[in-house]
Amino acid sequence: PPETSAAVLARTRRGPAPVTDVAKLCVCDLLVAQCDVNCCCDPDCSAADFSLFTTCSVPVVTGDSHLCSQKAAIYSLDVEANPPERVFKLIDQVNPSIFCIHATNYEQALTFSSPEIPTSENFDQLLKQFGSGAFSAEPERWDMNADDQNLSDANETYRYQYGVPVQTVDAFLRLPSPVVSSWCSDGNPAGFLVNQATKCIRSVSVEKCNDIQAVSMLFYINSSILAVPKSSQMVNISVQSIVIQSLNGMRTLLNDSDVLRLPMILDGLCINVVLRVSYHITYTDAGEIIEAAAAFVLGAINKEALSIEQSFEISFTQVNTTPVPLSGNPGYVVGLPVRAGFRPQGYPFPVEIMSAALLLNTNKYSQLTILQSTASQDCLAAQGARAPVLFGYNMISGCKLRITAALKCQPLAQALLDLLKGQSFPEYVASFGNSQAQDVLDWVPITHLYISEQRIYNTFQSSCQIPVSLEIEVKWTKYGSLVNPQARIVNVTATITTTTLKQLPSGRERTILITSSVVFTDVSSPAEPGYKAWPTINAKLPFDFFFPFV
């Protein structure tokens, strides 16, 4: 007779049958046909052997620890008995974790299926099935109620989440990338909020360039993006810019980017071949895509070219926000710029790290910078030239300044200070490479120190103080796990050194050296006694461990 719903429910809730008999399992039984010392589950041990044991080396024997409920063999010694004897119990053990396996209802997971060996006959079929960046590995059958699934879908509010492939009308937004070799595979999906940059090789020929879809602009913009998954609202991909690259590498930006330029053969060359595609996706905080644009670099190939290198990039920006490049996630990465900013006027916290283009044209990404050396070593020519401070790199730069008697003290001192610090020196430095502007505690204030040194040029009474050097010391520490520590900046000190400049007599000149330097200091503390980097074992061997040897 057919099963009732209660019987089916009881059968599905019943736990799986044990695969291993834990009563017969003994992991400490190492000697063949001999009793292992303190191995309470060893079947070769007799009651007389158990009476000499001091402890049970393996007190609990279980099967699969991921099961919600299973049998467990408990071994112990009754030392109060005369002679001492072993105590064995078989109990039902419940897994306290909420993430456990209740029933093994996926039959394919209970056995190991040998993978299909690639041969000359099935290689093309396997490459088509598994050669892309993502492929289906669904089981043949799902034990799922279709009505419940449809009801769940109807109640769900769709929106993009991190890592979910960006869907289009026909499939998903493709970002070609190398898979097994360096050749391009067009099956790599672009993940939402996952900034990617890939390079791969594409096989081409001038005679067939019109027939190769992947070298045409239309291939990358002809499919509209779904604003949210499984919706009818679509977002067209617009052309942001088109750059033409000549055979010698010279690039020219076209003023008209509305014209679709398709590959065509001209004078033995195939022109308008896609060399680079850069997608830029704009989204809302609700996970909805509202705008998509693509920037292209088009080039030409000659008859000798058998392949080209294509570059692909995708970036995401939330609407009404200004993107700021990160220097690590979360800790700083050696060689990336130290992120910095300043407190807006009238606000007590550095909640807005404004674009440094407002501060200095050569520092567009809110970075800590120092004076950049020039070939002429002339301080007047070096004004405005700044070099970003790269995390972990000790740096020094400088220039020479020629001082005459006609120079006024105060304008000279202010000019040198602007030369060392830039037009607007930042007030805060990000402690982590991914610190956000709204996280106030993630920004370290810069401490300013001033040191004066005496340097007498002559005996004239009038003198003034001028800055001659800027020394930045960045103290950082290893933060987090000892296995994967993250670099965190904990203190930044900017020291301005000034010197006393006496008035020069008429017709006399002097040359002084202006320097800037950055030093990174690791102030990580060693691991405390209770938190050792390597685990230690504090154990004592039984007195008869080496019996019958001494």
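**Entry 1: overall values.** I looked up the accessible surface of the protein, which comes to about 34,500 Å², 55% of it belonging to carbon and sulfur atoms; such areas come from the Shrake-Rupley method with a 1.4 Å probe, and for residues only the protein chains shown count as cover. I note that this is a predicted model, in which local features need pLDDT of at least 70, side-chain atom pairs count only at pLDDT 80 or more, and totals for chains, interfaces and linings use all residues. Residues are numbered from 1 along each chain as its sequence is written, and side-chain values use heavy atoms, with hydrogens and water left out.

I found that 35% of the 550 residues are buried (under 20% relative accessible area; exposed is over 50%, partly exposed in between; 1.4 Å probe, protein chains only). Of the contacts (heavy atoms within 4.5 Å) between residues at least 6 apart in sequence, 64% join residues at least 24 apart.

**Entry 2: strand S9.** I listed six helices and 23 strands (DSSP runs numbered from the N terminus: H or I, at least four residues, for helices; E, at least two, for strands). I then followed S9 (residues 237-245), which runs parallel to S13 (residues 289-301) with seven bridges; pairing requires at least two DSSP bridges. S9 also runs antiparallel to S10 (residues 251-253), with three bridges. Val-243 has Val-297 as its bridge partner in S13 and stands opposite Leu-253 in S10. Five residues separate S9 and S10 in their hairpin, and Gly-249 in the turn has a positive phi of about 95°.

**Entry 3: Asp-418.** I located Asp-418 in helix H6 (residues 409-421). Asp-418 counts as partly exposed because its relative accessibility is 37%. Its C-alpha lies 8.5 Å from that of Gln-383, 35 residues apart in sequence.
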